[in-house]
Amino acid sequence: MPVCANWRAKMGRMLTIQDVTLVRGSHTVFSALSLNLAEPRIGLIGDNGAGKSSLFRMVCGLDLPRVGSVQVHGLPAHEVSAKRPGLVGMLFQNPDDQIIFPTVEEELALSLSPSGMPRREAIGHARSFLQTRQLAHWGARSISSLSQGQRQHVCWLALLIAAPQLLLLDEPYASLDLPGQARLTQDIAQASQQVIVSTHALDHVRGFGRVLWLDQGAVRADGPGHSVCAAYQADVATRSALPAPALQ
């Protein structure tokens, strides 16, 4: 994995979650959760509803904890977009929740707005970027003409061109075909930024140096990807072998 050996010294505590309690409605998502996340590649695994997406939303400042703090590069997460725009980028599960503009090149150009680049220049930069990816023919395409997987790829390209220092990818493989998955895996491996991937596709994070298994808002396991993924798979196999609960 092409990441520098002195990553920890260079990045310090990129992401710090301290004694966080997050409540949504009447449901407590996290209770006294604390994490220091400084590794270049981190995976998040666990059942639906375990808290993976909620964790990302807190880091992006979209959800505010009732108690505790979430800091990115020493800034409170909810202040990052105003004080350090472009520091954090997130790939949402549903690309339609993320895409705003009608064409691919306009959507990519939007990602450059935090840098202050003029719109015409940003469009030109987006076209050049697409050309380097052998996707020049996508520039003027309507987003509505793209498949779900292609729209997901556009969202990923928008993150790449913006180049935030922290990339949060929420189920990025879900709608991709095999070639798309291979391209994304290669891009993640080559990225110079910190990348945190939430996924049910365990093979894509099995080789990561650190994987967190979230279970009902708590960290069930935290360690090398191969061991944490194996533990989660074994737990799923055990639960699957249990008799189904009787219908009431």
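Guide: Gladly; this is a predicted model, and its largest pocket has a volume of about 800 Å³.

Visitor: What makes a residue part of the lining of the largest pocket, and which residues lie nearest its centre?

Guide: A lining residue has an atom within 4 Å of a point of the pocket, and 32 residues line the largest pocket, with Val88, Gly89, Met90, Pro114 and Leu159 lying nearest its centre.

Visitor: Which helices and strands each supply at least two residues of that lining?

Guide: They are α3 (80-83), β6 (88-91), α4 (104-110) and α6 (148-162), and the most is given by α6, with five residues.

Visitor: How do you know the class of the residues in the lining of the largest pocket?

Guide: Val, Met, Pro and Leu count as nonpolar, whereas Gly counts as polar, and sorted in this way the lining of the largest pocket has 21 nonpolar, eight polar and three charged residues.

Visitor: How much space lies in the second largest pocket, and which residues are the closest to its centre?

Guide: The second largest pocket holds about 160 Å³ of space, and of the 16 residues that line it, Gly49, Ala50, Gly51, Lys52 and Ser53 are the closest to its centre. Both β2 (27-37) and α2 (52-59) supply at least two residues of this lining, and α2 gives the most, with three residues.

Visitor: How do the residues of this second lining divide by class?

Guide: The lining of the second largest pocket divides into two nonpolar, nine polar and five charged residues; Lys counts as charged and Gly as polar.

Notes: Residues are numbered from 1 along each chain as its sequence is written. This is a predicted model: local features need pLDDT of at least 70, side-chain atom pairs count only at pLDDT 80 or more; totals for chains, interfaces and linings use all residues. Side-chain values use heavy atoms; hydrogens and water are left out. On a 1 Å grid over the protein atoms alone, a cavity is a set of points where a 1.4 Å probe fits but cannot get out, and a pocket is an open set with protein on both sides within 12 Å along at least five of seven lines; lining residues have an atom within 4 Å of a point. Grid points are joined across faces, edges and corners, and a volume is the space filled by probe spheres set on the points. Helices (H or I, at least four residues) and strands (E, at least two) are DSSP runs, numbered from the N terminus.
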